[in-house]
Amino acid sequence: MALRSTSTADGGSTPDRPSRPDGTSSLPDTPSGPKTVHPVDELLPPVKLFSTGLQHVAAMYAGVVAPPLIVGAGVGLSPAELALLISASLFTAGLATLLQTLGIWRIGARLPFVNGVSFAGVAPMLAIAKGSIDKDGGPKDALPVIFGAVIVAGLLCFLAAPYFCKLIRFFPPVVQGTVITLIGVSLLPVAVNWARGGAPGAPGYGSMRAIGLAAFTLAAVVLCNKLLRGFWQQLALLIGLALGTALAFPLGLADFGPVGDAKIFALPSPFHFGAPVLDAAAIASLCIVMVVSMTESTADMLALGQIVDRQADERTLAAGLRADGLATAVSPVFNGFAASAFAQNIGLVALTNIRSRFVVAAGGGILILLGLFPVLGSLVSLVPQPVLGGAGIVLFGTVAASGIRTLAEAGMESSANTILVSVSLGVGIIPIAAPTFYDAFPEAFRTLMHSGISAGCVMAVLLNLLFHHVGAARRSPTTEPPGTAVSTATPS
């Protein structure tokens with residue numbers, strides 16, 4: 001059975017793949033034998049499943065705990081309540097990841113897709129909290145307003161998913177490659193900041209010890225990839241993180257204090273901060289954030305589909321966005337925030353070439369355990385920021401390299417595509433190079449353009465519309481540039 005793909009002047013290509021009733025797919029029969037399971041649906045041995053799943057958790061942990069730390073501190077929570085908020089975020093991130101990877105009905109992309117707390121909502125949530133505290137007086141009045149807005153935003157995402165996913169026709173490979181590249185480029189400054197110590201003002205920020213530790217971790221990951229083979233090579237990132245953390249103790253950049261202070265077990269307490277409160281202004285603000293998150297999740301699913309060789313079609317995108325929406329709507333019940341894709345884990349999939357969604361599902365299970373057993377979460381938190389920074393350079397650079405590879409196959413001989421890529425990358429880099437560039441713009445516009453990924457994605461889609469869909473610019477099959485002819489491909 002052949003797979004047929006149709007390429008167009010805008011670099012578009014949509015292969016038809018055989019699928020099972022649950023939305024997963026298998027490779028077709030070949031002359032050499034019966035059909036085999038697609039690598040995305042491959043179930044690995046238990047030891048490999050756990051270790052590679054733990055590697056995904058290590059890559060995303062800092063991103064999961066950062067938003068509740070910032071929001072919790074912003075509303076004035078006590079240390080005990082802050083710990084509860086962090087445990088809730090880990091627990092709900094695990095539930096969201098299981099929903100994405102395993103799926104139920106038409107919910108979940110069934111790709112190795114990690115979900116966690118969206119950082120896009122941090123600034124609006126802090127603004128909502130400040131307004132609530134000024135009016136009502138405390139964090140226990142502010143958080144219910146935030147949670148109420150998050151629930152409504154999640155329901156909006158769930159209901160809008162089957163319509164939003166139709167935007168896939170405006171994401172041909174030239175747009176996908178641009179967005180994938182921007183995902184990697186946008187994350188690299190995060191890795192650099194981690195390498196310096198996490199945040200300006202932190203003890204030892206920018207010191208030679210911190211940067212040296214990041215460099216050591218980076219070298220360890222690179223050398224492990226070079227020297228190790230097979231399964232151990234696939235664990236290069238985890239080994240690098242372990243070696244970097246071991247070196248951090250004698251350097252005074254890590255200690256076991258958080259482990260001794262952590263509770264052994266703690267069940268989530270539904271609506272611990274009170275029943276959700278519906279506030280129109282707060283809801284409008286977080287609904288805008290949710291649309292931005294949907295745009296980024298769509299781009300991330302398309303990027304991941306390219307990397308794992310399973311194209312994310314409309315059905316997959318709709319299922320993935322439904323999972324984002326449902327997880328976001330349920331998270332506040334357990335004191336969590338909006339859930340969305342974690343782009344850093346896409347880099348890990350590309351780096352290790354382990355494409356099984358069950359590996360990421362194992363990572364989701366580990367996140368749930370970290371949420372239920374805070375003492376386990378404190379062990380993972382021992383990994384210092386410089387160590388994460390050294391590993392992050394490899395991870396995020398791998399994502400950018402995947403985008404460049406996609407662009408190389410997207411018909412860049414076309415001047416229109418060259419302009420599309422150059423302008424989109426430029427617009428996407430603006431908020432990275434100048435974070436305050438859009439400060440004078442209206443709030444809704446700032447929310448959309450503050451992220452380099454969403455800014456570049458919107459620009460790429462608009463330019464693709466201009467060059468390849470509007471009026472006379474739409475090319476007919478007889479006027480396509482060289483290298484974009486209809487082709488058929490038979491899997492080997």
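The legends below accompany an overview and close-up views of a predicted model.

**Figure 1. Overall content of the predicted model.** The protein contains 18 helices and four strands. Of its 492 residues, 52% are buried. When contacts between residues at least 6 apart in sequence are considered, 79% of them join residues at least 24 apart.

**Figure 2. Close-up of the crossing of helices α6 and α8.** Helix α6 spans residues 208-227 and helix α8 spans residues 236-248. Their axes come within 8 Å and cross at roughly 145°. The crossing of α6 past α8 is right-handed. On the α6 side, the contact is made by L213, F216, T217, A220, V221, C224 and N225. On the α8 side, it is made by A236, L237, I239, G240, L241, L243, G244, L247 and A248. By residue class, this contact of α6 with α8 comprises 12 nonpolar residues, four polar residues and no charged residues.

Figure 3. Helix α8 is built of 13 residues. The distance from its first C-alpha to its last is 18 Å, close to the 18 Å expected at 1.5 Å a residue.

**Figure 4. Close-up of helix α11, residues 314-330.** Helix α11 has 17 residues and reaches 24 Å from its first C-alpha to its last. This span is close to the 24 Å expected at 1.5 Å a residue. Because 13 of the 17 residues of α11 are buried, the helix is largely enclosed by the rest of the structure.

Figure 5. Leaving aside residues up to four places away in sequence, G377 touches Y61 and L370. S87 is 290 residues from G377 in sequence, yet the two are 7.9 Å apart in space, C-alpha to C-alpha.

Terms used. Residues are numbered from 1 along each chain as its sequence is written. This is a predicted model: local features need pLDDT of at least 70, side-chain atom pairs count only at pLDDT 80 or more; totals for chains, interfaces and linings use all residues. Side-chain values use heavy atoms; hydrogens and water are left out. Axes are lines fitted to C-alpha atoms, for helices over the stretch in contact, and angles run from 0 to 180 degrees between N-to-C directions. Helices (H or I, at least four residues) and strands (E, at least two) are DSSP runs, numbered from the N terminus. A crossing is left-handed if the near helix is turned anticlockwise from the far one by less than a right angle, and right-handed if clockwise. Contact means heavy atoms within 4.5 Å. Ala, Val, Leu, Ile, Met, Phe, Trp, Tyr, Cys and Pro count as nonpolar, Asp, Glu, Lys and Arg as charged, and the others, Gly among them, as polar. The expected span of a helix is 1.5 Å times one less than its number of residues. Buried means under 20% relative accessible area, exposed over 50%, partly exposed in between (1.4 Å probe, protein chains only).
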